[in-house]
Amino acid sequence: MVPANITDSISGGVPLSVDFKSPQDYVIFIFQIVFATWSMTIKLYVVARVQLARDPPSAEKESKKESLRIIIFVVITFLVLWCPSFVNIIIRFIGVGGLTFRNEATNLFAIMARFNAVCTPSVYIWGSPALREAMVKNVWGRVCPRCKRR
């Protein structure tokens, strides 16, 4: 489903505002986002597994396997942290209840969604020795000069 009315777009491609004719349109749009993320992750996993099975054993193959695991973990983390918020929004738009919060500071679902922004770079740093070494050298080396010498 395409949103009913896309206005104020930048270069005709990126919508700045989307008007939905009914709450059901919004619910369907959220389902499409979650389903697209889920299905693309499964497709990526299947294609990458087939490609890795064709490659002969090597250090590069192990590196690719590790990268695939990291990407899958990041997507699963995204879904786990954002789905409660999506479900609550859907329940509220349907009108059968849902949780309302006084502000964003007390909204547990919003906090979980924002926590995703912290988790994603942390997972990449944790899973990639080369990225971790570069971060220690370039970031922490400037903050703490003694860390750079290690």
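Modeller: Start with one residue. Asp55 has a relative accessible area of 25%, so Asp55 counts as partly exposed. Keep in mind that this is a predicted model.

Colleague: Which residue forms a salt bridge with Asp55?

Modeller: The general idea is that side chains of opposite charge can pair when their charged atoms come close. Here the partner of Asp55 is Lys64, and their closest N and O atoms are 3.7 Å apart. Lys64 is partly exposed, at 38% relative accessible area.

Colleague: How many salt bridges does the structure hold?

Modeller: There are four. One of them joins Glu60 to Lys64, with 3.4 Å between the closest N and O atoms. Glu60 and Lys64 are four residues apart in helix α2, so about one helical turn separates them. Glu60 is exposed, with a relative accessibility of 53%.

Colleague: Next, helix packing. Are α2 and α3 roughly parallel or antiparallel to each other?

Modeller: Read the crossing angle of the axes. For helix α2 (residues 59-94) and helix α3 (residues 108-127) it is roughly 175°, and the axes come within 9 Å. An angle over 145 degrees counts as roughly antiparallel, so α2 and α3 are roughly antiparallel. Their contact has 16 nonpolar, six polar and one charged residues.

Colleague: What is the crossing angle of α3 and α4?

Modeller: The axes of α3 and helix α4 (residues 129-143) cross at roughly 105° and come within 5 Å. These two helices are therefore roughly perpendicular. Tyr124, Ile125, Trp126 and Gly127 of α3 make the contact with Pro129, Leu131, Arg132 and Met135 of α4. By class, this contact has six nonpolar residues, one polar and one charged.

Colleague: Last, the cysteines. How many disulfides are there?

Modeller: A disulfide is a covalent bond between the sulfur atoms of two cysteines. The count here is zero, taking sulfur atoms within 2.5 Å as the rule. Cys83 is partly exposed at 25% relative accessible area, whereas Cys119 is buried at 15%.

Methods: Residues numbered from 1 in each chain as written. Predicted model: local features only at pLDDT ≥ 70, side-chain atom pairs only at ≥ 80, totals over all residues. Heavy atoms only, no water. Axes fitted to C-alpha atoms, helices over the stretch in contact; angles between N-to-C directions. Parallel < 35°, antiparallel > 145°, perpendicular 65-115°, else oblique. Nonpolar A, V, L, I, M, F, W, Y, C, P; charged D, E, K, R; others polar. Buried < 20%, exposed > 50% of the residue type's maximum accessible area, 1.4 Å probe, protein only. Contact = heavy atoms within 4.5 Å. Salt bridge = Lys/Arg side-chain N within 4 Å of Asp/Glu carboxyl O.
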